[in-house]
Structures are given as structure tokens and as C-alpha cells.
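Please examine the structure shown here. Which residues surround its ligands, and how is one of its strands held in place?

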Amino acid sequence: MLVDGFGRELTGVRVSLTDRCNFDCVYCHNEGLGDTRGPMEPADDEMGTDDVVRFLEVVAEFGVGKVKFTGGEPMLREDLEEIVRRAPDGMETSLTTNGTFLPGRAEALCEAGLDRVNVSQDALDPTAFEDVTQSTQYDAVLEGVQAAVDAGLTPVKLNMVVFEQTAGYVPEMVDHVAANEGLQLQLIEYMPELAGRPEWAVDIDRVHGWLEEQADRIEHREMHDRRRYWVPDDDGDGEGMVEIVDPVGNEEFCANCHRVRVTHEGYLKGCLNRNDDLKPMGEMTKPDIRETLRETVEDRVPYYGEYMIRDDDGDWVINEEYIGA
Ligand SMILES: Nc1nc2c(ncn2[C@@H]2O[C@H](COP(=O)(O)OP(=O)(O)OP(=O)(O)O)[C@@H](O)[C@H]2O)c(=O)[nH]1
Ligand SMILES: C[S@@+](CC[C@H](N)C(=O)[O-])C[C@H]1O[C@@H](n2cnc3c(N)ncnc32)[C@H](O)[C@@H]1O
Ligand code: SF4
Ligand code: SF4
């Protein structure tokens, strides 16, 4: 097992399979890599199937037990089922998707061995959904969520980014997951560091406070020390799980971060919010991957706030002092 200089064991990897997407969400951080590209644009710069599988085989040698596939929109990759099928035995595989391609493919992904899926859904209203995603595919997303539940890719977590435009829909979304078995909700604090527009942020502590009042019980998840609220449904015979993902300015969140990331081009990076340390994995042979993985884990810093700071306008900028250090 690889352990960084701050005692954090590497237990998971997050692999971006493409930077292409069929949506254009107004807030998108694209895992820290700038704008997404159009869905049909050439994919020459993306890691091939064998590269991704080889990478997973190497991290499994180091005891990594979990992989999250993301993007861009990872379901634009036709070889996703093959990648999942060829992932090392015993590795938990999960996917974060906008859901539009799940109808018709959820079953095949489950058969390939995918364990579960997170689907981004920011509102239960087609107009609000369109305002955020700049897409009219609301119905396809709802069908996608249902297809994932039916295929057994559960729990299906709905990812909702909480910011100015969506904050008013939080209670409705909480009721929705409490009333529907198989669904959970992740409320993701809007991250302005790489997406810009700090004025869109809402105070996530108010959301914590509101959920504390609604919840029967509260747990702390080991990963990122995230808080989970179990909220009863209106009839009192069911409950829903709501997890808050609140990394912004949160040292405790980073102190419990046990993952490294891989970009679609095959660069390793130690942190979502950081792009000054991208490490190419050479020819992506197993020795190259091993070496780069060790270096990436060694170079991790304890908290992203060391290299991202706010300027006088409240915008997030790279800390020159840190880069020079
Ligand atoms: N800053 C930061 N944000 C994260 C991190 N992990 C997740 N997030 C945010 O949460 C979003 C949703 O994460 P998901 O890809 O659905 O998965 P997850 O919540 O990390 O993992 P599971 O809950 O195990 O499914 C990400 O795209 C980020 O915006 C992290 O390590 N650092
Ligand atoms: C970058 S997307 C990639 C996977 C897939 N396309 C999707 O939307 O689920 C991964 C997650 O990041 C979230 N996200 C994107 N930009 C964000 C931001 N600025 N702050 C917080 N979360 C963000 C999205 O809502 C989504 O749940
Ligand atoms: S669907 Fe995902 S990758 Fe695509 S724009 Fe929205 S958040 Fe970004
Ligand atoms: S170090 Fe912090 S900001 Fe960076 S990926 Fe981990 S939790 Fe996110």
C-alpha cells in the first residue's frame, strides 16, 4: 500500500475517461481540466482501453480497491463495458455520469461487473434542469436513473451541485430520495476554484444546519469525513440518505482524501484542484505507471488551500509563494 507524507493511504483512483461531453453545465469543473469538448470531436488524445486496464492492474498491485470512472461524460466511451469487464477482480467499480446513455446500457454495465452509479441531477424540474445543463435531455436522465435502479446498480446516488440556481430545489430532492428506494442524494458544494464565479456559491453550513433538523441520525463517512444524514419520508415508513460533499476551504476533507486522479490523456495528478503537477506516465508500461504513481503519491500536499488562495476580488488563484517553494 502506498502512503503519502501525511499518512494518507492510497485506497482509490478516479479515472477520467474523456473530456468530451454532450452537456454544457454552467458550473462544470471537468475534474479540473477546463472546458469540456463536443461529444463527437476526435478522441485521439484519450487513453486506450488497454492503457486504462493496465493502469488498474498496477494500482491493484498496490492494494487499491476502488475505481471511479468519470469525465467529461464517461459513457461516451464505447469501450466502457470492456474496461469494466477487464478491471481487476475484487476492485469496486463505479461510474459518475449525466445519465443520458444509461437507458439501454445500464444492464450491460451491470453484467460487465459495474457495482454502482452516480447520476448528476440538479433539479426535479425540466426548466431548471435545462438552465443548468443547457440540455433538453431531462426525460432521458430520469429514464437513465430508473434503468440503473432496475439493473441493480444501487444505491444510485443523485449528484446535485448546490449553488445559487439550485439551492431552492434541495428540500424537494431530499423528499424525492427519501420516498424512492434505491436512490441516495449527494449535495455537492459548488466549487468555484477552477470554475470561476465565486458569487454563485451558497453557504453550505446552512444546508448542514437544515439537514440536522430533518434527520433521524447522522453518520460520518470515512472518505473525506463527509457527513451523512438519514431523513425520514413523509409517511414515516422509509428514509433517504443525504451526503454532503463540502471540500471548499475544508482541511478536514483533504486530510481524509485517499485518492489520486488520472486525466483522460493519461496524466496522474494528486488533487482535483491542482493542475501544476500533472505527471505523464511515459509509454504507460507497467514499470512507467508504477514509478509515476509512487512519485504522485510522494508529491501530495495535505490541503489544496496551500496552493489555491483567494485574491482581492474573491477569485481563486494559484499561490505564487507555494509554487516557488
Ligand atoms: N475537491 C474535491 N471534490 C471532490 C472529491 N471527490 C468528489 N468531489 C466532488 O464531488 C463530485 C461528485 O463525486 P462523484 O464522482 O459522484 O463520486 P464521489 O462522491 O467522490 O464518490 P462516491 O460517493 O463513493 O460515489 C466530484 O465531481 C467533485 O465535484 C475530492 O476528492 N476533492
Ligand atoms: C465533472 S462531472 C463528470 C461526470 C459526468 N459528466 C456527470 O456530470 O456526472 C462529475 C461531477 O462533478 C460535478 N461538478 C462539476 N462542476 C462542479 C463544480 N464547479 N462544483 C461542484 N461540483 C461540480 C458534477 O455535477 C458531477 O456530479
Ligand atoms: S455533464 Fe458532467 S462533464 Fe458534462 S458538462 Fe455537466 S458536469 Fe460537466
Ligand atoms: S486534496 Fe482535497 S481538494 Fe484535492 S482532491 Fe483531495 S479532497 Fe479534493
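This is a predicted model: local features need pLDDT of at least 70, side-chain atom pairs count only at pLDDT 80 or more; totals for chains, interfaces and linings use all residues.

Q: Which residues come nearest to ligand 2?
A: The shell around ligand 2 comprises 19 residues. The elements giving two or more residues to this shell are β3 (92–97) and β5 (156–162). By class, the shell has 8 nonpolar, 9 polar and 2 charged residues. Those that come nearest to ligand 2 are H29, S120, N159, M191 and A195.

Q: How many charged residues does the shell around ligand 1 have?
A: Around ligand 1 there are 16 residues, of which T96, N118, V245, P247 and L272 come nearest. Two or more residues of this shell come from each of β2 (66–70), β3, β5 and β6 (183–189). Divided by class, the shell has 6 nonpolar and 7 polar residues, and the number of charged residues is 3.

Q: Why is strand β9 largely enclosed by the rest of the structure?
A: Strand β9 covers residues 239–245. A residue counts as buried if 20 or more other C-beta atoms lie within 10 Å of its own. The strand is largely enclosed because, of its 7 residues, the number buried is 5.

Q: In β9, which residue is the bridge partner of Q186?
A: β6 and β9 pair in the parallel sense, over 4 bridges. In β9, the partner of Q186 is E243.

Q: Which residue in the turn between β8 and β9 has a positive phi?
A: Strand β8 (residues 227–232) runs antiparallel to β9, joined to it by 6 bridges. One of the bridge pairs is V231 with G240 of β9. The two strands form a hairpin with 6 residues between them, and the turn residue with a positive phi, of about 80°, is G236.

How values were computed. Residues are numbered from 1 along each chain as its sequence is written. Chains are lettered from A and ligands numbered from 1 in the order in which they are written. A residue is near a molecule or strand if its C-beta atom, placed from the backbone, lies within 6 Å of it. Ala, Val, Leu, Ile, Met, Phe, Trp, Tyr, Cys and Pro count as nonpolar, Asp, Glu, Lys and Arg as charged, and the others, Gly among them, as polar. A residue is buried if 20 or more other C-beta atoms lie within 10 Å of its own, exposed if 12 or fewer, and partly exposed in between; C-beta atoms are placed from the backbone. Two strands pair if DSSP finds at least two bridges between them.
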